[in-house]
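I opened my notebook to look up a few things in one structure. Here is what I looked at.

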Amino acid sequence: MQKFYVTTPIYYVNARPHLGSLYSTLLADVASRYNKLHNKNVFFLTGTDEHGQKIAQSAAAVGKKPQDFVDSFIPAFKDAWKLYNIDYTKFIRTTDSDHIQAVQAWIKRLIDKGDIYKSHYAGYYCVSCEAFVTDKDMPHGITENIPLCPTCGRTTEYVSEESYFFKLSSYQERLLQFYKDNPDFITPRERMAEVISFVQSGLKDLSISRTTIDWGIPFPGDKNHVTYVWADALNNYITGVGYGVPGKEKEFNVWWPADLQILGKDIVRFHAVFWPAFLMASGLPMPKKLLVHGWIKIGEHKMSKSRGNAVDPVELATTYGVDQVRYYLVRHLAITQDSPFTYADLEQRINSDLSHDLGNLLNRTITLALKYNVAMVECPKTWSAESVALYEAGKNITVRFMQEMEAGYMNRAYAVVWEYIHEVNKYFHNQQPWKIAQSESEKFAEVISATCHALYTIAHLSWPLMPQKMEQLLFALGKKINIEQDVFAHLLSVPWKETFSLTQGEILFNKIDIKLETQETVMTQQEVKQSPTIIIDDFTKIELRVGMIEDVQVLEKSDKLYILKVNFGDHGVRQILSGIRKHFTPEQILHRQGVFVYNLAPRKMMGLESQGMMLFAKDAQEQLVLIQPEHTIPNGTQLS
Ligand code: MSP
């Protein structure tokens, strides 16, 4: 059996988990479940990062001992993960004695090897990020001569103390060679460029112990020092599967190297530079892939506990449902960029994607079949051309879904599944089974069977994302998830041959009654009115051209507008402002072609010139839909 080892960052325990922490964890859960569907043996490690100055300060602020303080938050993490069906294998705490001993043994080994030496550190430190601010980071802003942290923007503090150093500088060339040999080490690839340029600009040795705090792993052989929290925390990825734990050598060799390590963009340097260097020094293989995601933002700011804009995942699940939130976070937040979180968007997605597109499809199919006494759906003797096309589309979708998942783009993988859901809806609608239920009962049964087969594929592909709901869907079809086989190999190789036994269960996704305050994003329904006719000359006055969106920036001063850079080929690149932020994440429109009014007089919006207008249509749910050519055509092509 093949193995798959996935990790999340371990979370600081100075507060309850928020939506950002849930996001990293959910991505790991989806990856883990996806690999279970491949019949792999999966180890999923998550946990908490409990040492360091930040935790010590937070504990002191509420008059608690650090250990009691961190202990008090553990149930909140474990309960939240349980609520969200996060099926981890192990929850590691850096205060676990196994971990502490393994880290101490690791340090001793590196001291013996000559990779760690004692010296003096003088420089700036960001307590919030637990990071030493290097000279290279200085230009990021200075207040009263104190540099601001380049990652979180907070004021740093000056530290001057004796310290043990890890010889990071001696790994510079090996790291660069490693990145060159493994261009897919980091997803998305763009992040790799930042890492390479950081390493190329010169690595200094890394301070890995502190004398001015005492909440940390005691540094072996020197009681004045505790281990720097990142040298402690990063090692959880190996100690969690048995590294340095007596009797667990075999287990460790089974699981390491990790197949996928998930992390947010704020901690790339630690994972893509320090961590590989630690592993090189330890003579251990590199993880296969780092998946780096963007931040969830509220307005223009990163969601965080300290900013006070954190959304509580438990409350969200209570209001909207666990799988609904899982769906929204994984499908609609972009891996590659920061994404805004709004309740309005969440509600609209639940109503349109889940309730309307998927839930209704299941409900309509089962209601209709049962109405005409087709509770046991057998395969027909022959399939119609339309059903064969639906079958082929399902296979094609499965392949594309797998490609996106393997690359780490889970949001795109589920956009692909929704393409199929739309196709199945179209098929059902076009076949009009309600009209032929009595007159052509065989044909009717064939349409029901094809739709059930398509739903069966959809349920399997969506199980990693919404395990409960997809098990409910399968139950309604008389099926169960079966991970005793490679589900994907099965979906791809076996022709449709299932028998379905239908039951009318509970509604899969209830529609949300969109509250007034969240309706600001729903455009008002246009009255249906007869427009006056125009002559062709009127029409030709409007120059419509196809353009490719090459860049999407948020216009800071507005909560609606994106600044698009649109490539019109020989007609140049234009800046176009579009008020669609509540309908699309940047990733959903980036690198897509669309249709634009090219000769609209330029106008200023919020001080910026907009040189055209992008066209959209609204679907039945009032969602904006992108208008694009059926296949890619040269940019600048005029519509006629
Ligand atoms: N303890 C370190 C990680 C050590 S791993 C060896 C840490 N902890 S954290 O609690 O601050 O953040 C953990 C993860 O949560 C990071 O991947 C971070 O990017 C993610 N998120 C925290 N806030 C976030 C958002 N607002 N949005 C998305 N993820 C963010 O860093």
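How much area do domain 1 and domain 2 bury between them, and what share of it is on carbon and sulfur atoms? I looked this up in a predicted model. Domain 1 and domain 2 bury about 630 Å² between them. Carbon and sulfur atoms hold 32% of that area.

**Entry: the two domains**

I checked the bounds next. Domain 1 covers 342-501, and domain 2 covers 525-626. I then looked up how far apart their C-alpha centres lie, and the value is 34 Å. For the contacts, I found 7 residues of domain 1 touching 6 residues of domain 2.

I noted a general point here: side chains of opposite charge can pair when their charged atoms come close. I also counted polar contacts between the two domains, and there are 2 residue pairs.

Which helices each supply at least two residues of the side of domain 1 that touches domain 2? I wrote down helix H13 (343-371) and helix H15 (410-431). H13 gives the largest share of that side, with 5 residues. I sorted the touching side of domain 1 by class as well. It has no nonpolar residues, 4 polar ones and 3 charged ones.

**Entry: the whole chain**

The C-alpha trace spans about 85 × 60 × 50 Å along its principal axes. Does the radius of gyration agree or disagree with that of a compact globule? With 640 residues, such a globule would have a radius of gyration near 26 Å, and the protein chain has 28 Å, so the two agree.

I started from a general rule: most residues other than glycine have a negative phi, and most peptide bonds are trans. Then I looked for exceptions.

The peptide bond from Thr 187 to Pro 188 is cis, with omega near -5°. I located Pro 188 in the loop between strand S10 (186-187) and helix H6 (190-200). The bond from Trp 256 to Pro 257 is cis too, with omega near 5°. Pro 257 sits in the loop between helix H9 (249-255) and strand S14 (260-264).

What is the phi of Asn 85? I read a positive value of about 55°, although Asn 85 is not a glycine. Asn 85 is in the loop between helix H3 (66-83) and strand S4 (90-93).

**Entry: Gln 104**

I picked Gln 104, which lies in helix H4 (97-113). Which residues does Gln 104 touch, leaving out those up to four places away in sequence? I listed Ile 217, Pro 218 and Pro 220. The Gln 104 side chain reaches the backbone oxygen of Pro 218 at 2.9 Å. I also looked at Tyr 598, 494 residues from Gln 104 along the chain. The C-alpha atoms of Gln 104 and Tyr 598 are separated by 65 Å.

**Entry: salt bridges**

I searched the whole structure and got 26 salt bridges. One that I looked up joins Lys 118 and Asp 222, with the closest N and O atoms 3.2 Å apart. Lys 118 lies in strand S5 (116-126) and Asp 222 in the loop between strand S12 (209-210) and strand S13 (226-227), so the pair ties together parts that are 104 residues apart in sequence.

Note on methods. Residues are numbered from 1 along each chain as its sequence is written. This is a predicted model: local features need pLDDT of at least 70, side-chain atom pairs count only at pLDDT 80 or more; totals for chains, interfaces and linings use all residues. Side-chain values use heavy atoms; hydrogens and water are left out. Domain bounds come from an automatic or database domain assignment. Contact means heavy atoms within 4.5 Å. Buried area is the accessible area (1.4 Å probe) that two parts lose on being put together, summed over both. A polar contact is a pair of N or O atoms within 3.5 Å; within protein, one must be able to donate a hydrogen and the other to accept it, and residues adjacent in sequence count only if both atoms are side-chain atoms. Helices (H or I, at least four residues) and strands (E, at least two) are DSSP runs, numbered from the N terminus. Ala, Val, Leu, Ile, Met, Phe, Trp, Tyr, Cys and Pro count as nonpolar, Asp, Glu, Lys and Arg as charged, and the others, Gly among them, as polar. The radius of gyration is taken over C-alpha atoms; the globule rule is 2.2 Å times the number of residues to the power 0.38. A salt bridge is a side-chain nitrogen of Lys or Arg within 4 Å of a carboxyl oxygen of Asp or Glu.
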